Amino acid sequence: FGLRAGIHIIDLHQTMKHLKLALTVAGSIAQRNGIIMFINERIQFDRLVQHTARNCDEYFVSPKWRPGTLTNSYMLLGTLRLPDLLIFLSTPPSKTAIKEAAMCNIPTIGIVDTDCNPNLITYPIPGNDDTPEAVKLYCKLFCEVIQNGKQN
């Protein structure tokens, strides 16, 4: 990240480097039949995130994270089995889901825009999380790598 003439600039070389790592992590978790959960707190991306998760036979929470989803999973989800990875398609303003993941030792991947703290995410990807085109691209890439991981 940088600042030029009052405008935040994202270094796309860094984006690619971090995106490749995050895709590798997601693919390897899918390959070992891990549970991956897509997290979205933006109403405009609700259908896209649900569609993406369903296409790769995974799970989603959208558009609102319910506090205790991970830390009280048996009561809220009826299971003790937690996800192996959370993918945040935009880093949420309320950090509840991120904090719960950390408390449960669940790694996180997150698109981190210039208004977010990348230190909160295990595998941050510096990038734009506001535009539909960008979120569609992230969804497409994660879905492809998860599907490929499951086939191997």
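These legends go with close-up views of a predicted model. Residues are numbered from 1 along each chain as its sequence is written, and side-chain values use heavy atoms, leaving out hydrogens and water. Because this is a predicted model, local features need pLDDT of at least 70 and side-chain atom pairs count only at pLDDT 80 or more, while totals for chains, interfaces and linings use all residues.

**View 1. The open sheet has five strands in the order 4-3-5-6-7, with parallel pairing.** Helices (H or I, at least four residues) and strands (E, at least two) are DSSP runs, numbered from the N terminus, and two strands pair if DSSP finds at least two bridges between them. Strand 4 (59-61) and strand 7 (123-126) sit at the edges with a single partner strand each, so one side of each has no neighbour in the sheet. Zoom in on strand 5 and strand 6, and you'll find a parallel pair with three bridges; leucine 86 has threonine 108 in strand 6 as its bridge partner. Helix 1 (residues 12-31) packs on the sheet, touching strand 3 (36-39), strand 5, strand 6 and strand 7. Contact here means heavy atoms within 4.5 Å.

**View 2. Helix 4 (residues 96-103) has a buried side and an exposed one.** Ala97, Ile98, Glu100 and Ala101 are buried (under 20% relative accessible area; exposed is over 50%, partly exposed in between, with a 1.4 Å probe and protein chains only). They cover an arc of only 165° around the axis, which puts them on the same side of helix 4; the arc is that of the directions from the helix axis to the C-beta atoms. Lys99, Ala102 and Met103 are exposed on the other side. Strand 5 (85-88) and strand 6 (108-112) are among what covers the buried residues. Just past the helix, asparagine 105 has a positive phi of about 60°.

**View 3. Isoleucine 35 lies in the loop between helix 1 and strand 3.** Aspartate 84 is 49 residues away along the chain, yet the C-alpha atoms of isoleucine 35 and aspartate 84 are separated by 5.1 Å. Not counting residues up to four places away in sequence, isoleucine 35 touches Glu58, Tyr59, Arg81, Leu82, Pro83, Asp84 and Leu85.

Notes: Axes are lines fitted to C-alpha atoms, for helices over the stretch in contact, and angles run from 0 to 180 degrees between N-to-C directions.
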